[in-house]
Amino acid sequence: MRRTPRFASALVTLGLVAAGLFIGGSANAATNRLEAENAVVSQGVVESNHAGYSGSGFVNGDNASGSYTEWTVNAATAGSSTLAIRYSNGTSPTRTANVAVNGTVVSANRAFNSTGNWDTWATVSITTNLNAGANKVRITATTADGNPNFDYIDATTPGGGGGTVTADQLLAKVTSCSQISNGKYKTDEDVSTATVSVCQKTGAVFWKADMDIDCDGVRTTQCNENTDCCFYPDTACHTTGDSPLNSATLPYVVVPSSSSIWNYTSKGIGCGTVVAVIYNGKIEYAVVGDTGPTQIIGEASHKTASDLGIDPDPSTGGTDGPVTYIVFTGSGTKVSAVENHQQAVTLGQQLSQQFVSTN
């Protein structure tokens with residue numbers, strides 16, 4: 001199963017996206033939690049020095065008119081949405097802000113009343129309409145006091161599907177192939193025939209292949225020169241701290257380096273793009289984390305294999321499959337921190353719901 005040695009090549013990170021968490025809903029809506037620390041911030045910082053916040057922190061905007069925090073909300077279909085904005089305002093004056101959706105103000109000078117102190121949180125809710133796909137929700141301070149501290153938005157989005165998507169639901173959407181690759185890929189260096197196509201669906205590309213084990217990046221007990229004949233101490237994608245990825249702890253997928261067969265960047269795929277990897281009835285939400293040979297497809301990290309119940313040994317492990325790789329495409333399909341697996345899981349659940357609804 002093991003391939004010949006390779007070298008990491010550059011991938012381009014093409015944007016930031018707030019991760020969404022599916023936490024319930026009816027057959028026609030889903031509630032998605034969008035943490036402020038994963039949003040785009042202008043004139044402000046992410047902090048964690050007050051109690052009671054969700055996730056890993058909150059946004060403390062500058063005391064300046066025009067400072068803003070912007071989230072990306074993905075909706076499977078167009079329709080009405082309720083945005084529940086959790087905030088803290090430890091000062092006595094009410095702070096006001098414009099709430100805009102896709103560039104249009106939907107709530108002008110919205111009041112964020114005092115919560116008494118910075119450790120106490122409250123919620124302001126508004127109802128608005130969302131487009132199908134990615135929607136930009138921006139909250140912009142309208143006075144020199146700036147915005148309150150923001151913790152998250154709970155966005156009730158239309159067409160959510162009513163629950164967590166199963167492996168069978170995803171596989172039912174990829175039974176036929178509209179080929180976009182110029183030819184096919186081999187599954188391993190030593191096979192004679194190229195059999196794997198890259199196929200296109202609405203909101204994703206996919207392929208069905210084997211899984212070889214990529215153990216490159218950070219040296220660990222599982223991944224090093226002694227355990228892996230082809231170990232390379234780097235990955236094409238790096239963490240937000242500019243370190244190679246850790247194959248033993250991070251689920252990621254390897255995409256073939258760009259070639260005449262297929263150029264992954266043509267679909268906006270890059271570091272942090274979320275991938276649903278399906279094997280034996282299980283789904284692993286991973287990210288694009290490395291690149292491989294131009295002629296071969298079907299490889300993922302030690303952790304991806306382990307989580308799916310596949311032998312992760314880089315020398316003797318892997319599986320002939322079938323393993324299905326669904327790589328989500330379009331805006332709002334990348335995590336803001338490649339190394340944050342929880343972001344990949346929560347965003348992957350949301351994108352899977354959207355994928356099932358639109359195919």
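1. Strand 8 and strand 9 (residues 104–112) run antiparallel and are joined by six bridges, where two strands are said to pair if DSSP finds at least two bridges between them. Strands here (E, at least two residues) and helices (H or I, at least four) are DSSP runs, numbered from the N terminus. Within this pairing, A97 has R110 of strand 9 as its bridge partner. Two residues lie between the strands of this hairpin, and N102 takes a positive phi near 55° there.

2. Some notes on the basis of the values belong here. This is a predicted model, in which local features need pLDDT of at least 70 and side-chain atom pairs count only at pLDDT 80 or more, while totals for chains, interfaces and linings use all residues. Residues are numbered from 1 along each chain as its sequence is written, and side-chain values use heavy atoms, with hydrogens and water left out.

3. The protein chain as a whole has three helices and 19 strands. Of its 359 residues, 53% count as buried, a term that means under 20% relative accessible area, with exposed meaning over 50% and partly exposed lying in between (1.4 Å probe, protein chains only). Among contacts (heavy atoms within 4.5 Å) between residues at least 6 apart in sequence, 76% join residues at least 24 apart.

4. Strand 8 (residues 95–101) is mostly covered, with six of its seven residues buried. Besides its pairing with strand 9, strand 8 pairs with strand 11 (residues 133–141) in the antiparallel sense over five bridges, and in that pairing A100 stands opposite R138.

5. These strands belong to an open sheet of five strands, with the order 3-6-11-8-9 and antiparallel pairing. Strand 3 (40–42) and strand 9 stand at the edges, each with a single partner strand, so one side of each is left without a neighbour in the sheet. The twist averages 20° from one strand to the next. Strand 3 is joined to strand 6 (residues 68–75) by three bridges, and V41 has T69 of strand 6 as its bridge partner. Helix 3 (residues 341–358) lies across strand 6 and strand 11, running at about 45° to strand 6; this angle is taken between N-to-C directions, on a scale from 0 to 180 degrees, using axes fitted to C-alpha atoms, for helices over the stretch in contact.

6. A141, in strand 11, is buried, with a relative accessible area of 3%. Leaving aside neighbours within four places in sequence, A141 is in contact with residues including A64, S65, T96 and N147.

7. The structure holds five salt bridges, each a side-chain nitrogen of Lys or Arg within 4 Å of a carboxyl oxygen of Asp or Glu. One of them joins R33 and D154, whose closest N and O atoms are 2.9 Å apart. This pair links distant parts of the chain, with R33 in strand 2 (residues 29–35) and D154 in strand 12 (residues 149–158), 121 residues apart. D154 is buried, at a relative accessible area of 14%.

8. R86 and D151 also meet in a salt bridge (2.5 Å, N to O), and both residues are buried. By contrast, D307, which forms a salt bridge with K303 at 3.2 Å between the closest N and O atoms, is partly exposed at 30% relative accessible area, and K303 counts as partly exposed at 26%. D307 and K303 are separated by about one helical turn, because they are four residues apart in helix 2 (residues 302–307).
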